[in-house]
Amino acid sequence: MPKVVVANDHGAVELAQRLIEHLKERGYEVTYLGIDKIESVDYPDKAKEACQEYLKGGYEFGIVLCGTGIGISISANKIKGIRCSLLTDCYSAEMTKRHNNPNFIAFGGRVDYKDDPVKMLDSFIDAKFEGGRHQKRIDKMMALEG
């Protein structure tokens, strides 16, 4: 059974639960490190926790969520070995998988998306990494970590 790690702050409680439910329906095992209440937590802490768990191994990918998805995706991208893409629609979800092959994706719980985030998640999961010239670019991208 494929595994996914999910973490959210107080700005994305409902969306995190929707995505987790959908992942389980698709046959994923979910390690949930988020909060299920509206009590304030700091999104950099949730990003760090999720990324550290992912880096232990055994996960297909991770999902991080905050109010906009911006802060938590920036935080995740500060962690060595993590490539997190902030999804905006089904097209960006598919293309980031095909070209960037991120190991994390991010959503904003307070964002009014034009596409349903569950469909965006499906677009990401169902897309296949194309490799080739894209792998060369990913290697360059990851070399920027220094």
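Contact here means heavy atoms within 4.5 Å. The model shown in these close-ups is predicted.

**View A. Asn-103 sits in the loop between helix 4 and strand 5 (104-108).** Asn-103 touches Tyr-54, Phe-61, Gly-62, Gly-81, Ile-82 and Arg-83, leaving aside residues up to four places away in sequence. Two backbone atoms are reached by the Asn-103 side chain. One is the backbone oxygen of Gly-81, at 2.9 Å. Another is the backbone nitrogen of Arg-83, at 2.8 Å. The relative accessible area of Asn-103 is 8%, so the residue is buried; the cut-off for buried is under 20%.

**View B. Lys-46 is part of helix 2 (residues 43-55).** Lys-46 has a relative accessible area of 10% and is therefore buried. The Lys-46 side chain makes a polar contact with the side chain of Glu-49, at 2.8 Å. Look also for the neighbours from elsewhere in the sequence. Not counting residues up to four places away, Lys-46 touches Ala-7, Asn-8, Leu-33, Gly-34, Val-41 and Ile-72.

**View C. Thr-31 belongs to strand 2 (residues 29-32).** The side chains of Thr-31 and Tyr-59 make a polar contact at 2.9 Å. Tyr-59 is also one of the residues that Thr-31 touches, once those up to four places away in sequence are set aside. Now compare sequence with space. Thr-31 and Ala-50 are 19 residues apart in sequence, and their C-alpha atoms are 9.0 Å apart.

**View D. Leu-19 lies in helix 1 (residues 13-25).** Leu-19 has a relative accessibility of 1%, so this residue counts as buried. Who touches Leu-19? Not counting residues up to four places away in sequence, Leu-19 touches Ile-63, Leu-65, Phe-107, Pro-117, Val-118 and Leu-121. Asp-122 is 103 residues from Leu-19 in sequence. In space, the two are 10.0 Å apart, C-alpha to C-alpha.

**View E. Helix 4 (residues 90-100) meets helix 5 (residues 117-126).** Two packed helices are described by the angle between their axes and the distance between the axes. Here the axes come within 7 Å and cross at roughly 20°. That angle makes helix 4 roughly parallel to helix 5. The crossing of the two helices is right-handed. On the helix 4 side, the contact is made by Cys-90, Ala-93, Glu-94, Thr-96 and Lys-97. On the helix 5 side, it is made by Lys-119, Met-120, Ser-123, Phe-124 and Ile-125. Sorted by class, the contact of helix 4 with helix 5 has five nonpolar, two polar and three charged residues.

**View F. Helix 4 also packs with helix 6 (residues 133-143).** The angle between helix 4 and helix 6 is about 85°, and their axes are 8 Å apart. Helix 4 is therefore roughly perpendicular to helix 6. Which residues meet here? Arg-98, His-99 and Asn-100 come from helix 4. His-134, Ile-138 and Met-141 come from helix 6. The residues in this contact of helix 4 with helix 6 divide into two nonpolar, three polar and one charged.

Terms used. Residues are numbered from 1 along each chain as its sequence is written. This is a predicted model: local features need pLDDT of at least 70, side-chain atom pairs count only at pLDDT 80 or more; totals for chains, interfaces and linings use all residues. Side-chain values use heavy atoms; hydrogens and water are left out. Axes are lines fitted to C-alpha atoms, for helices over the stretch in contact, and angles run from 0 to 180 degrees between N-to-C directions. Helices (H or I, at least four residues) and strands (E, at least two) are DSSP runs, numbered from the N terminus. Angles under 35 degrees count as roughly parallel, over 145 as roughly antiparallel, 65 to 115 as roughly perpendicular and the rest as oblique. A crossing is left-handed if the near helix is turned anticlockwise from the far one by less than a right angle, and right-handed if clockwise. Ala, Val, Leu, Ile, Met, Phe, Trp, Tyr, Cys and Pro count as nonpolar, Asp, Glu, Lys and Arg as charged, and the others, Gly among them, as polar. Buried means under 20% relative accessible area, exposed over 50%, partly exposed in between (1.4 Å probe, protein chains only). A polar contact is a pair of N or O atoms within 3.5 Å; within protein, one must be able to donate a hydrogen and the other to accept it, and residues adjacent in sequence count only if both atoms are side-chain atoms.
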